[in-house]
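Thanks for coming. I will go through one model this morning, starting with a pair of helices and then moving to the sheets and the ligand.

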Amino acid sequence: MICPKNECLECGACFAVCPINAIKMAENIYGEYLPLIDNDKCIKCNKCNKICPVINKTDYKKPLECYAAYTQNENDRNSCASGGIATAFGKQIINAGGETFGAVLNEKFSFTKAENISGLEEFKGSKYVHIPAYHIYRDIKKDLMTDKKILFIGTPCQCDALLHYIGKEYENLITVDLICHGTPPYRYLNEWIKYVTKGMYFDQITFRGKRDYYLTVYNDSKIIYSKQHNEDGYFSAFLTGLIHREPCYSCPYARIERISDITIGDFWGLPQNALNGYMGKKSVILINTTKGKNFFKTVVPNLVVEKRDITEAISGNKQLTHPASRHKKQKLFLRYYPEYGFYKALKKCGILRETLITIIKNKLMFFPRKIIRRLKNEKKQTG
Ligand SMILES: Cc1cc2nc3c(=O)[nH]c(=O)nc-3n(C[C@H](O)[C@H](O)[C@H](O)COP(=O)(O)OP(=O)(O)OC[C@H]3O[C@@H](n4cnc5c(N)ncnc54)[C@H](O)[C@@H]3O)c2cc1C
């Protein structure tokens, strides 16, 4: 290992920088991918130690400006995670002949490159899971040598890893980090989806979008599973901090100083009368560098935007001041998982009991409403 094992971000900057491919990302019993050095191959060049974001200094920036915004594109507003800002940024870069890198959550769980607008579709929505990005750092560095504009959107640890790996300022690179609540290994989600769909083939998973805070699984655009966040085992375990990777509980990026040109997230602390009282999903945008500010100006014509005080963003968003809290049974979950697998480990931690109680409560609340609606209809028809 290059950094202490329990602090490793799984960012894979070391994997990408190794000139003789002596480092591989090896999966452990929790589905985490940690670097493994082949000591027979290693030439002791020390490059991995020099770029690891855990053991080297990170360049934190105080945000210059704060905005509340949403995209003017109605279709994007329905299908994006919050205000559709990431998609609006991606479109701007692609229309200028550039390329956007983002996370995809189909059967692949990976980062890819979009070179046309349709390629951005797969990036839309928040995927509440760790999606490895280390496979594409080398491609980004290669593409940066051309004059193409490049946009990289990812979690703060992924942005920081990329910046350490490329090692110098590139005028044609814009980095955008998401305010992040933590990310579980994707093996957990994979096991959960297999369980709830009884092993059916799936090609898309969403957590946000038109059905906000629902875990929805699709096969060829047809819904094969959909549950509200507190009725679903995986979603509940994610939101209550049971299943994050270890470094997420002490995440160094969960602070107001940022590492990328721009930061985006949900604007939960926004007063109701802001943005002319708009009731839909709203994004917070923190502009952290002059490069970010210049780029943002070019996107503004496609957005509805309002300058806001940064204290509003902080007041509604815990992850701008401290990392996600650890669930009291998190250590227990780690003990159960290797022996029992994801479903049984959740069950033993009491999560599935909680979701079942919520399902029953929601059903009990739904039936009286249904009866009242029917009685009202009957009254209308007779009177
Ligand atoms: C794991 C996670 C936790 C989050 N926690 C918070 C939070 O606590 N507070 C908050 O304000 N906001 C949080 N967000 C951010 C928020 O949910 C939205 O993603 C963000 O506001 C962008 O919305 P959008 O409509 O502009 O993005 P869209 O236009 O819908 O595009 C989504 C963008 O996010 C990227 N992305 C999605 N999932 C991942 C992933 N797992 N890893 C890397 N990149 C990804 C996509 O590649 C794409 O570029 C979180 C996001 C994620 C992925």
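Look at helix H7, residues 186–196, and helix H11, residues 330–348. In this predicted model, H7 and H11 pack with their axes 10 Å apart, at an angle of about 60 degrees. An angle of that kind counts as neither roughly parallel nor roughly perpendicular, since the perpendicular range is 65 to 115 degrees; H7 and H11 are therefore oblique to each other. The crossing of H7 and H11 is right-handed.

Which residues make the contact between H7 and H11? From H7 they are Tyr188, Glu191, Trp192 and Tyr195, and from H11 they are Gly341, Phe342 and Tyr343. By class, that contact has five nonpolar residues, one polar and one charged.

Helix H5, residues 137–144, packs on H6 with the axes 10 Å apart and an angle of about 55 degrees. That makes H5 oblique to H6. Their crossing is right-handed. H5 contributes Tyr137, Ile140, Lys141 and Leu144 to the contact, and H6 contributes Leu162, Tyr165 and Ile166. The residues of this contact are six nonpolar, no polar and one charged.

H6 also leads us to the sheets. Helix H6, residues 156–166, lies across S6 and strand S7, which is 173–178, and runs at about 150 degrees to S7.

S6 and S7 belong to an open sheet of eight strands, in the order S5-S4-S6-S7-S11-S12-S3-S13. The pairing in this sheet is mixed. Its edge strands are S5, 110–114, and S13, 303–307, and each of these pairs on one side only. On average, and ignoring direction, neighbouring strands here are turned by 25 degrees against each other.

Strand S3, residues 65–71, and strand S12, residues 283–287, pair in the antiparallel sense over five bridges. Which residue of S12 is the bridge partner of cysteine 66? The partner is leucine 286.

Next, the open sheet of three strands. The order is S8-S9-S10, and the pairing is antiparallel. Strand S8, 204–206, and strand S10, 222–228, are the edges, each pairing on one side only. Neighbouring strands in this sheet are turned by 10 degrees against each other on average, again with direction ignored. S8 is joined to strand S9, residues 214–219, by three bridges, and the two run antiparallel. If you want a landmark, glutamine 204 stands opposite tyrosine 218 in S9.

Then a hairpin, made of S1 and S2. Strand S1, residues 23–27, and strand S2, residues 33–37, run antiparallel and are joined by five bridges. Alanine 26 has leucine 34 in S2 as its bridge partner. Five residues lie between the strands of this hairpin, and glycine 31 takes a positive phi near 80 degrees.

Last, the ligand. How many residues surround the ligand? There are 32, and the closest are Cys80, Ala86, Gly102, His181 and Gly265. The residues of the shell divide into 14 nonpolar, 15 polar and three charged.

To go back over the helix pairs: H7 with H11 is at about 60 degrees, and H5 with H6 is at about 55 degrees. That is what I have for today.

Notes:
Residues are numbered from 1 along each chain as its sequence is written. This is a predicted model: local features need pLDDT of at least 70, side-chain atom pairs count only at pLDDT 80 or more; totals for chains, interfaces and linings use all residues. Axes are lines fitted to C-alpha atoms, for helices over the stretch in contact, and angles run from 0 to 180 degrees between N-to-C directions. Helices (H or I, at least four residues) and strands (E, at least two) are DSSP runs, numbered from the N terminus. Angles under 35 degrees count as roughly parallel, over 145 as roughly antiparallel, 65 to 115 as roughly perpendicular and the rest as oblique. A crossing is left-handed if the near helix is turned anticlockwise from the far one by less than a right angle, and right-handed if clockwise. Two residues are in contact if their C-beta atoms, placed from the backbone, lie within 7 Å. Ala, Val, Leu, Ile, Met, Phe, Trp, Tyr, Cys and Pro count as nonpolar, Asp, Glu, Lys and Arg as charged, and the others, Gly among them, as polar. A residue is near a molecule or strand if its C-beta atom, placed from the backbone, lies within 6 Å of it. Two strands pair if DSSP finds at least two bridges between them.
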